[in-house]
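Dear colleague,

Please find below the structure that I am handing over to you.

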Amino acid sequence: MKPVISIGFSDFWGGFTPHDNYFTRLLATRYDVEIADQPELLIYSCFGNEHRRSKARVRIFFTGENVRPNFRQCDYAFSFDHIDRPEHYRLPLYAWYSPPDWLMKGAFDPAQILAQKSGFCNFVYSNPRCKLRIKFFEKLSKYKRVDSGGRLMNNIGGPVADKLAFLRRYKFTIAFENDSYPGYTTEKIAEPMLAWSLPIYWGNPLVHLDFNPRSFLNYFDYGSLDDLVDRVVELDRDDELYCQYLREPWHHGNVVNAYVREENVLAQFERILAADPSGRRRRRLAWQWPIKRSKAA
């Protein structure tokens, strides 16, 4: 018999499914998960304020956006940030997009993978907020056509229905985040890896802690968009150099990084369930007190 765990969800993005998501699937491997309106654990995100009405014993913040956890409102947090405190666990969003071992590389022939690529580079976005990736798209398009398969700057007749299938056709994928912030790594880099398309990355300046920097092109290694374009052109014209990147494992040493290792995430939940909730409430009040006092002053 598995121990029962009562959880609820609040303030997640549109289309989120409380009964079937990363957390419920992971917790179900060790617990009998019950989704409840008045749960023991409330997991909430950053798309609303319904969590403030909850009477859950423990409130856990999770974000897939570039926002910081507020420990005056939550007992624990899962976020992108590199925060050294027991109430926080770093869980990048790319963990939600595939089982961690899907990015492990077995025996393969990089030349054979390259031979299957029919396109040069792709760009699949809908959000126009990041001007830098639009600028890079325009610069790289002066060398060769870059196929845009999203709603933003679409040039293939409409948005693609199957993003991964689309990415598999291309040697390169423009994998720019919405924002740049230390630790903020999303599915933008993991999806082309799943499709064996070389990511051209910008976003997290600490992305080398998530993935092997020899396995993708990182803007922070070049310092300018023009230099990054020149490197893409060099790889496009040199098949052996391109294959050198493909030979490299996505993860360091071809071992899943500690952040997304499922046993580590489960261990954090075990610590949460074992902790004394009254102690958490005392700590929350202690964190609030100096802030309230300084405002009054």
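In which sense do β4 and strand β5 (residues 76-79) pair, and over how many bridges? The two strands pair in the parallel sense over three bridges; two strands count as paired if DSSP finds at least two bridges between them. Helices (H or I, at least four residues) and strands (E, at least two) are DSSP runs, numbered from the N terminus.

The model is a predicted one, in which local features need pLDDT of at least 70 and side-chain atom pairs count only at pLDDT 80 or more, while totals for chains, interfaces and linings use all residues. Residues are numbered from 1 along each chain as its sequence is written, and side-chain values use heavy atoms, with hydrogens and water left out.

**Strand β4 and its partners**

Strand β3 (residues 41-44) also pairs with β4 in the parallel sense, over four bridges. Ile 60 of β4 stands opposite Ile 43, and its bridge partner in β5 is Tyr 76. Five of the five residues of β4 (residues 58-62) are buried, so the strand is largely enclosed by the rest of the structure. Buried means under 20% relative accessible area, exposed over 50%, and partly exposed in between (1.4 Å probe, protein chains only). Val 58, Ile 60 and Phe 62 point one way from β4, whereas Arg 59 and Phe 61 point the other way.

**The five-stranded sheet**

An open sheet with parallel pairing has the strand order β8-β7-β9-β10-β11. β8 (146-148) and β11 (217-218) stand at its edges with a single partner strand each, so one side of each is left without a neighbour in the sheet. Within this sheet, β7 (residues 119-123) and β9 (residues 170-176) pair over three bridges, and Cys 121 stands opposite Phe 172 in β9. Helix α3 (residues 131-141) packs on the sheet and touches β7, β8, β9 and β10 (198-202); contact means heavy atoms within 4.5 Å.

**Tyr 219**

Tyr 219 lies in the loop between β11 and α6 (225-237). This residue counts as buried because its relative accessibility is 16%. Leaving aside residues up to four places away in sequence, Tyr 219 touches Tyr 201, Trp 202, Ser 224, Leu 225 and Leu 228. Tyr 219 and Ala 95 are 124 residues apart in sequence and 23 Å apart in space, C-alpha to C-alpha.

Yours sincerely

Key: Axes fitted to C-alpha atoms, helices over the stretch in contact; angles between N-to-C directions.
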